[in-house]
Amino acid sequence: QYIAPHIKAPLFIVNSMYDAAGLGTLGFPNASNITLNNATVLQRIQQYHTQYLDIVKAAVLSVPRNGGFLTSCNQHEEICRSEDYEGIHIKGIAMAGALGQWWKSWGRTKTQSVGAHVWVDVDWPNNPTCWTGPNDHGAC
C-alpha cells in the first residue's frame, strides 16, 4: 500500500483476501485450518477481509491501468500451482484467464476505466473452486 502509488508500470495483483499468512498476524496459529463454528473468529476474519480490500482498492485498484484477481480462498502463494492458477474461478473465469484478459487489453486503449479488469471474489468460504486438498495454503 505504501509503494504501489510510486510504481509507474501497470500492476496485476493476485492475492487472497483471506491470506493464511496475513491471518496468522492476527494471532491465528494455524490460519489455513480455521473452522466456521466460532462467530468471534469469523467476525475477526471478515474485519481482516474488509480492511485488506479497502487498502488494495485505494493503493492499487484505483489506477485504471491496474487489475486484480482477489480470491476468498484461505491460502497463501496462489499462483505457484496449476490447481490454483487454472482452477480458482471468480465469476466463471480462472486466474489465468483474468490475467490474460488484462494483459491483452492493457495498452490497447487509453480509456480503460477503473475496475475494468478486477475480479473480487465472494466472502469466505463460499467459493467452491478454492483448493481444499492437502497442503491447501499454497505449498510452493
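Here, a contact means heavy atoms within 4.5 Å of each other. Keep that in mind for the close-ups below, which come from a predicted model.

Figure 1. Once we set aside neighbours within four places in sequence, methionine 17 is in contact with Tyr48, His49, Tyr52, Leu53, Leu70, Thr71, Ser72, Val120, Asp121 and Val122. Met17 also belongs to the largest nonpolar core, which has 16 residues. Within that core, Met17, Tyr18, Leu23, Ile45, Val56, Val60 and Leu70 touch the most other members. Helix 2 (residues 39-61) is the top contributor here, giving nine residues. There is also a second, separate core of 11 residues, and Phe12, Met95, Ala98 and Cys130 are among them.

Figure 2. Strand 2 pairs with strand 1 in the parallel sense over five bridges, and phenylalanine 12 stands opposite glycine 67. Strand 2 pairs with strand 5 in the parallel sense too, this time over three bridges. There, phenylalanine 69 has tryptophan 119 as its bridge partner.

**Figure 3. The disulfide.** A disulfide is a covalent bond linking the sulfur atoms of two cysteines. The count for this model is one disulfide, and it joins cysteine 73 to cysteine 130, with an S to S distance of 2.0 Å. Cysteine 73 sits in the loop between strand 2 (67-71) and helix 3 (82-85), while cysteine 130 sits in the segment after strand 5 (118-120), so the bond ties together parts that are 57 residues apart in sequence. The torsion about the S-S bond is about -85°, which makes this disulfide left-handed. Cysteine 73 is buried, at 1% relative accessible area, and cysteine 130 is buried as well, at 13%.

**Figure 4. Phenylalanine 12 meets tryptophan 102.** How many aromatic pairs does the model have? The count is three. In one of them, the rings of phenylalanine 12 and tryptophan 102 have centres 5.3 Å apart and planes at 40°, so we call the pair tilted. Phenylalanine 12 is in strand 1 (residues 12-16) and tryptophan 102 is in helix 4 (residues 95-105), so this pair brings together parts that are 90 residues apart in sequence. Both phenylalanine 12 and tryptophan 102 are buried. Ring pairs also link Phe12, Trp102 and Trp103 into a cluster.

**Figure 5. Tyrosine 18 meets tryptophan 124.** Here's another tilted pair: the rings of tyrosine 18 and tryptophan 124 have centres 6.1 Å apart, with their planes at 35°. Tyrosine 18 lies in the loop between strand 1 and helix 1 (20-24), and tryptophan 124 lies in the segment after strand 5, so the pair links distant parts of the chain, 106 residues apart. Tyrosine 18 is buried at 0% relative accessibility, and tryptophan 124 counts as buried at 14%.

**Figure 6. Histidine 117 and serine 105.** Look for histidine 117 in the loop between helix 4 and strand 5. Is histidine 117 buried or exposed? Histidine 117 is buried, because its relative accessible area is 12% and the cut-off for buried is under 20%. Its side chain makes a polar contact with the side chain of serine 105, at 2.7 Å.

Methods: Residues are numbered from 1 along each chain as its sequence is written. This is a predicted model: local features need pLDDT of at least 70, side-chain atom pairs count only at pLDDT 80 or more; totals for chains, interfaces and linings use all residues. Side-chain values use heavy atoms; hydrogens and water are left out. A disulfide is a pair of cysteine sulfur atoms within 2.5 Å. Helices (H or I, at least four residues) and strands (E, at least two) are DSSP runs, numbered from the N terminus. Buried means under 20% relative accessible area, exposed over 50%, partly exposed in between (1.4 Å probe, protein chains only). Rings of Phe, Tyr and Trp (its six-membered ring) pair if their centres lie within 6.5 Å; planes under 30 degrees apart count as stacked, over 60 as edge-to-face and the rest as tilted. A nonpolar core is a set of buried Ala, Val, Leu, Ile, Met, Phe, Trp, Tyr and Cys residues joined through side-chain atoms within 4.5 Å. A polar contact is a pair of N or O atoms within 3.5 Å; within protein, one must be able to donate a hydrogen and the other to accept it, and residues adjacent in sequence count only if both atoms are side-chain atoms. Two strands pair if DSSP finds at least two bridges between them.
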